Amino acid sequence: RVMTDIKQDILLMLGKQPKPYDFSNEHRLVNWALTGEFGGLVEETLSTDQIKLLSDLRRKNSVLIATGMDYEMRKKALQSFSAEWRINREHKLIGVTA
């Protein structure tokens, strides 16, 4: 909910009227960073790790929206964030320390 609220606030501050697709596009973007596919998710089918990453991706995207980062830049940032998150998670599972 936070992500869509921030998106709405930013659009309104820019004098733009939010459209329903503005919000679904943000969710599709985050879902893509999680799964590699644009589209919807059935959250009940996600693992605990996937749910944690999804939450982190939504929070990260909210911050990036608030900073004014455009869609393409956010797409790259979320992809990198997701990859780093997975690497860090894997290192924790196998006991690798930096």
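Here are a few questions and answers about a predicted model.

Me: Why is Ala77 called partly exposed?
Reply: Partly exposed covers the range between buried, under 20% relative accessible area, and exposed, over 50%. Ala77 comes out at 22% relative accessibility, so partly exposed is the label for Ala77.

Me: And where does Ala77 lie?
Reply: In helix H4, which covers residues 71-94.

Me: What is Ala77 in contact with, leaving aside its neighbours within four places in sequence?
Reply: With Leu64 and Met69. Contact here takes heavy atoms within 4.5 Å. As for Asn61, its C-alpha is 8.7 Å from that of Ala77, and the two are 16 residues apart in sequence.

Me: Why is Asp56 called buried?
Reply: The cut-off for buried is under 20% relative accessible area. Asp56 has 10%, so Asp56 counts as buried. This residue is found in helix H3, and, its neighbours within four places in sequence aside, Asp56 is in contact with Phe81 and Trp85.

Me: What makes up the largest nonpolar core?
Reply: That core has 15 residues, and Leu78 is one of those with the most contacts inside it; Val30, Ala33 and Leu57 are also among them. Helices H1 (2-13), H2 (20-35), H3 (48-66) and H4 each supply at least two residues of this core.

Me: Which residues is Leu78 in contact with, leaving aside its neighbours within four places in sequence?
Reply: Leu29, Val30, Ala33, Leu57, Lys60, Asn61 and Leu64.

Definitions and conventions
Residues are numbered from 1 along each chain as its sequence is written. This is a predicted model: local features need pLDDT of at least 70, side-chain atom pairs count only at pLDDT 80 or more; totals for chains, interfaces and linings use all residues. Side-chain values use heavy atoms; hydrogens and water are left out. Helices (H or I, at least four residues) and strands (E, at least two) are DSSP runs, numbered from the N terminus. Buried means under 20% relative accessible area, exposed over 50%, partly exposed in between (1.4 Å probe, protein chains only). A nonpolar core is a set of buried Ala, Val, Leu, Ile, Met, Phe, Trp, Tyr and Cys residues joined through side-chain atoms within 4.5 Å.
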